[in-house]
Amino acid sequence: MKHVLVTHADEPIGRRVVKTLFHDPEVLHILAVGDGPSPRGFDRFLGGAQPRLAYARADIARHRPVADLFRSPRFREAEIDTVVHVPRHGAPAAASAPLVAGVAERTAEARLVLQHSLEATGVESFVAIGSAFVYRLPPGNANRLDEESELDLDPDVAPEARSWIDCDMIFHGELHNDRLRVVLLRVPTVVAEGGFVYLHPLLAGRPGARLRRLGYDPICALVSDKDVARAVQSAVHTRRPGIYNVAGNEALPLSILARWTGRASLPVPGALLGLADRASRLLGREALPGAADAARLRFGFTLDTRRAERELGFRPINRIGLARAGDGSLRLETASL
Amino acid sequence: MKELEVATADAWEEAIGPGVDGPALGRDPFEDVIEVDPFVARLERIALGAAPRARRAPRLQAVAPVPREAPEAPPVARPVARAPERPAIPLRRRRTTSPALTEVELPEARGLLDRLLGEEDRRRLAALSHLVDGETAYDRFGFSPETIRTAFPWFHALYRWYFRVRSEGHEHVPVDGPAVLVANHGGILPFDAAMAVMDVLLHSDPPRLARAIVDRWAGSLPWVNIFYARVGQVIGTRENFADLLDDGQLVLVFPEGMEGVRKPITQRYRLQAFRVGFVEQALRARAPIVPMAIVGSDDQAPILYDLKPLARSLGLPFLPVTPTFPWLGPLGLLPYPVGYRIVYGEPLSFHERFGPEGANDARLVRYLANQVRRAVQLLLDRSRS
């Protein structure tokens, strides 16, 4: 039986992870923490005399709240043995977002949660979701990237991508820890019901028009949020630490993905894209999504998921396809095989 | 003392945000959670809903409201125990061969271009759409049957009327399974590859799409990279090559690479040195190698001179001087309407003799690559005579 703590449980992937783990008979207790109030979907799990799920708000980017969380009586009583760290993913961090101790919020959270998991005596397993956009994408890159592919350590990489790479490196550093089993799942663009998109540097966040580089239309690997949650479930039960690529069977060009998720993508020349981004910042607005990464995002990739299939027993069972939404438009939807 | 207090308060405020009380040591974020009543939680959410959701909670705060005498929560039925869906999940197998022409339903003609095509050609195109598995109609390299359908009439016209392609030896192209087609390369623009792909497509049943391996730098060219990907061409990396053969695809390679394209008119139809990666990959994937001669490509744009220093300074692989380029501008790069002849040789099944472990022997691989080069050169010489 597993006793699991899930971070950022109020964000879309976190919610899906909590629901999947709740329906797993081998998971006895789930403590979920998030920034906001308890998600509505958790109501039916929170009631009862002895609920298996408890939810609390905690700012895990700061040392004190994380320390309080890991030393709380509830944490001890629940005998938490597995920590599932779902990084902040609801929207890309704005360029003007405050830094925590000089690093991005996402990086600070990853460092603190891992550090306290290492210090907590009962925690044996640490499962983290990472982004597959950490890989280096040079011109003429291989289409399918495996876990050993080179990471993008270019110092000029966009801050949003940098935070994912830093998180990846932080988890990577503890892969060979004898006491804590660290599993890192690298996931590409996550698609959820209703045409929601997460983790893609250009498309994640609010709907609306996006500027992309003219003359390029890279292929994007996709995975449904349900499959990500299933991969986390498999990782919770595995005894093999390591890094695993997790992806679905589908891939789409960026322009089509944008259209089918209700976003207009306008191709503009690279130089103009840079100018538009600078102008946006000068006007005090947020940086244009994906603008800083435009040169890097010219090239697409898919993921080699054979290691996850072999060692975690994970295979995607949800298909991503088109469905007609209520307003008559075609949207990406996920459906179980 | 006063200053110190102020400084401490400032530091605290800077660390955790304004308007927050001092540290709550040992505070349990879950302290009230056990008594949570979903109904009360819903009420609280409605109340909170008026205010924007805080980006970050100022301090640890349990979601549960202040305990009060609430009606006892209705017992929530435990979810039905379900075995976790982990191993042994049936997965739809990726289809790598299209159905035979007789099995394909004839699609309706859409538009003028479709009407210009014959019934058999429409069946061939319809069969290709079976290659893409999934709802999204793109494979993971970006190939789109719909783009092929759009481009086919144009390339078919080039194939039939502009280059007047004649071909023979189609029986040597495997009907299914992985195979490597090895051909000579020539001409400035890769119409030899396009005609080879068309020829294989038009003379195979079930219809096969040859996936040509293109140079890496083509992947960084605007628009060109999109077109190549959509019509099924793949950037030449070891991983991509291996993936295609693992998928049971027919791969078309030009082992001369750029050297073949930029060779001067004095060396036309003389094969340049072969790269050897294709032999390694064929041995590992147990794929036969089919030599192939393309006559006509070296005549479509004969190169008189290569302006190497200028090409280097412009970041181009080569800069040719032909009878029409640069005198006619970009139009001078267009191929002359030469007749093409494509001949397929007998498959070379090296894998049967040397096995996958042969790929680790560099001398053997080099030797086999030279054998393939000889076979292609012989085919070329015979076809030209």
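Helices and strands here are DSSP runs, at least four residues long for helices and at least two for strands, and they are numbered from the N terminus. The model is predicted.

**A strand residue in chain A**

A:L222 belongs to strand 11 of chain A, which covers residues 219–224. Because a residue with 20 or more other C-beta atoms within 10 Å is classed as buried, A:L222, with 27 C-beta neighbours inside 10 Å, counts as buried. Leaving aside residues up to four places away in sequence, A:L222 touches A:P188, A:T189, A:V191, A:G248, A:E250, A:A251, A:L252 and A:I320. Between A:L222 and A:V246 there are 9.5 Å from C-alpha to C-alpha, and the two are 24 residues apart in sequence.

**Two helices that meet in chain A**

Two packed helices are described by the angle and the distance between their axes. In chain A, helix 1 (residues 12–22) and helix 7 (residues 225–237) have axes that come within 9 Å and cross at roughly 55 degrees. Helix 1 of chain A is therefore oblique to helix 7 of chain A. The crossing of helix 1 of chain A with helix 7 of chain A is right-handed. On the side of helix 1 of chain A, the contact is made by A:P12, A:I13, A:R16, A:V17, A:T20 and A:L21. Helix 7 of chain A contributes A:D225, A:K226, A:V228, A:A229, A:R230, A:V232, A:Q233 and A:V236. By type, the residues of this contact between helix 1 and helix 7 of chain A are 8 nonpolar, 2 polar and 4 charged.

**Enclosed helices**

Helix 5 of chain A (residues 105–119) has 15 residues, and its end C-alpha atoms lie 21 Å apart, in agreement with the 21 Å that 1.5 Å a residue should give. Since 12 of its 15 residues are buried, helix 5 of chain A is largely enclosed by the rest of the structure. Among the buried residues of helix 5 of chain A are A:E105, A:R106, A:L112, A:V113, A:L114 and A:H116. The partners against which the buried residues of helix 5 pack are helix 3 (63–71), strand 4 (82–85), strand 5 (125–131) and helix 6 (159–172) of chain A.

Chain B holds 13 helices and 10 strands. Of its 385 residues, 37% are buried. Helix 6 of chain B (residues 191–203) has 13 residues and reaches 18 Å from its first C-alpha to its last, close to the 18 Å expected. With 10 of the 13 residues buried, helix 6 of chain B is largely enclosed by the rest of the structure. The buried residues there include B:F191, B:M195, B:V197 and B:L201.

**Backbone exceptions**

Most peptide bonds are trans, and most residues other than glycine have a negative phi.

In chain A, A:H8 is not a glycine but has a positive phi of about 45 degrees. A:H8 sits in the loop between strand 1 (2–6) and helix 1 of chain A. A:E79, also not a glycine, has a positive phi of about 50 degrees and is found in the loop between helix 4 (73–77) and strand 4 of chain A. Is each of these residues buried, or partly exposed? A:H8 is buried, as 28 other C-beta atoms lie within 10 Å, whereas A:E79, with 13, is partly exposed.

How values were computed. Residues are numbered from 1 along each chain as its sequence is written. Chains are lettered from A and ligands numbered from 1 in the order in which they are written. This is a predicted model: local features need pLDDT of at least 70, side-chain atom pairs count only at pLDDT 80 or more; totals for chains, interfaces and linings use all residues. The expected span of a helix is 1.5 Å times one less than its number of residues. Two residues are in contact if their C-beta atoms, placed from the backbone, lie within 7 Å. Axes are lines fitted to C-alpha atoms, for helices over the stretch in contact, and angles run from 0 to 180 degrees between N-to-C directions. Angles under 35 degrees count as roughly parallel, over 145 as roughly antiparallel, 65 to 115 as roughly perpendicular and the rest as oblique. A crossing is left-handed if the near helix is turned anticlockwise from the far one by less than a right angle, and right-handed if clockwise. Ala, Val, Leu, Ile, Met, Phe, Trp, Tyr, Cys and Pro count as nonpolar, Asp, Glu, Lys and Arg as charged, and the others, Gly among them, as polar.
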